[in-house]
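User: Hi! I am new to protein structures and would like to learn how to read one. Could you take me through some features step by step?

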Amino acid sequence: MEKYLLSEETLGYSTSPDPSNADKRLLTSGSKNVLIDYQKKVKTRSGYTRLGAANTSLTAVRNAWTWETSTGHKRYLRFYDDELEVYLRTIGTTVVNAWTRVLASWSTTERMRATTWWDTGENLDLFLMVIGDANIYEWGGGVAAVASITGTTITKQGANTWAQDRFYTTADKVVINTRTGTEYTYTGGETTTALTGIADTAGIVAGDILVQKIVTKTNAPAASRNNHFIHQFENHVAVGSEDDEEVFISRNTDYTLYTSSSPRLFGEGATLTLDDPTRALASLGRTLLVFGGRSSVYKTEFESIAVS
């Protein structure tokens, strides 16, 4: 090639020398969106692709999760402004490919935090949330597309039953039409493809997306308390606050019960009193970690003792 020199390798990127005097094997200022691979070849930077449409309200996403559920459903969740949304691809035979509202009217300033917890009654892992008030919020992750409607029944698309698609079978049997926001209470049919006992199915059309309604557990673990942090540890739920120095730990069979006997029995709740307000909750192996104040880390270990 006349007037051109072929470079067989690239050594790196440098901005210090004058580009006209730099080694021909160096990338210089102006190089953009490229990487050097292990073979010392220049390749295009992969980058990332945004999932779904951009948020036109220009409010920042304050938290997001990829929930790998116990039933194999993957739920992509994001929280911004006052909205909690789930990204849906194809539900039944309905192609959605969009962020879909689960619930709105949350705080626009508090940061939502979440964990998962196993419910033996529903035989499901549940998504538990706190957002700076005295409540714990629960979502089972149920999503389905409507195939047909009668006066008192809703038949879903697909071969899965409502229960297999994560709709409740024992309590809180309410679904929400994401198109209209209307709630519908059902009484049976969860183990089939047709929910029954619905008082009025007006407003539902084939292709509508229904989600399980979020359940609010008020004053959990205590009234007049702001819950900012939540973490599941060996099926106990730990709840911390930025406004006090206590961490409440639930029973491992009920995340709304935080009481214990004296002496404490296996699986019961507990209360940890710290020297600082909570800043984070985590676990490492069989150890529950509580981060507090500016630089404190508290380690909690559960030990079995013989009580005679």
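Analyst: Happy to! Let's begin with strands: helices (H or I, at least four residues) and strands (E, at least two) are DSSP runs, numbered from the N terminus. Two strands pair if DSSP finds at least two bridges between them. As for the source, this is a predicted model, in which local features need pLDDT of at least 70, side-chain atom pairs count only at pLDDT 80 or more, and totals for chains, interfaces and linings use all residues. Residues are numbered from 1 along each chain as its sequence is written, and side-chain values use heavy atoms, with hydrogens and water left out.

User: Which residue in S17 is the bridge partner of Ile-176?

Analyst: First the general idea: strands of a sheet pair through backbone hydrogen bonds, either parallel or antiparallel. In this model, Ile-176 has Val-211 as its bridge partner in S17. The two strands, S14 and S17 (residues 209-212), are antiparallel and share three bridges. Ile-176 also has a partner in S15, namely Glu-183. S14 and S15 (residues 183-185) run antiparallel too, joined by three bridges. They make a hairpin with five residues between the strands, and Gly-181 in the turn has a positive phi of about 80 degrees.

User: Which way do the side chains of S14 point?

Analyst: In a regular strand the side chains alternate between the two faces of the sheet. In S14 (residues 174-177), Val-174 and Ile-176 point one way, while Val-175 and Asn-177 point the other way. All of these are buried, a word that means under 20% relative accessible area, with exposed being over 50% and partly exposed in between (1.4 Å probe, protein chains only).

User: What is the order of the strands in the open sheet of six?

Analyst: Reading across, the order is S15-S14-S17-S12-S13-S16, with antiparallel pairing. S15 and S16 (194-195) are the edge strands, each pairing on one side only. At the S16 end, two bridges join that strand to S13 (residues 154-156) in the antiparallel sense. Ile-154, for example, has Leu-195 as its bridge partner in S16.

User: How many bridges link S20 and S21?

Analyst: Three bridges link S20 (residues 236-240) and S21 (residues 246-249), which are antiparallel. They form a hairpin with five residues between them, and Gly-240 has Val-247 as its bridge partner in S21. S21 also pairs with S22 (residues 270-273), again in the antiparallel sense, over four bridges. There, Ile-249 is the partner of Ala-270 in S22.

User: Now for charges. How many salt bridges are counted?

Analyst: Side chains of opposite charge can pair when their charged atoms come close. The rule used here is a side-chain nitrogen of Lys or Arg within 4 Å of a carboxyl oxygen of Asp or Glu. By that rule there are twelve salt bridges. One of them joins Lys-173 and Glu-190, at 2.6 Å from N to O. Lys-173 sits in the loop between S13 and S14 and Glu-190 in the loop between S15 and S16, so this pair ties together parts that are 17 residues apart in sequence.

User: Are Lys-173 and Glu-190 buried or exposed?

Analyst: Lys-173 counts as buried because its relative accessibility is 18%. Glu-190, at 8%, counts as buried as well.

User: Which residue forms a salt bridge with Arg-179?

Analyst: Arg-179 pairs with Asp-208, with the closest N and O atoms 2.7 Å apart. Arg-179 lies in the loop between S14 and S15 and Asp-208 in the loop between S16 and S17, so the pair ties together parts that are 29 residues apart in sequence. Asp-208 counts as buried because its relative accessibility is 5%.

User: What about Asp-244 and Arg-225?

Analyst: Their side chains meet in a salt bridge at 3.0 Å, N to O. Asp-244 is in the loop between S20 and S21 and Arg-225 in the loop between S18 (215-217) and S19 (229-233), so the pair ties together parts that are 19 residues apart in sequence. Asp-244 is partly exposed at 21% relative accessible area, whereas Arg-225 is buried at 5%. Elsewhere, Glu-9, Asp-23 and Arg-25 are linked in a network of salt bridges.
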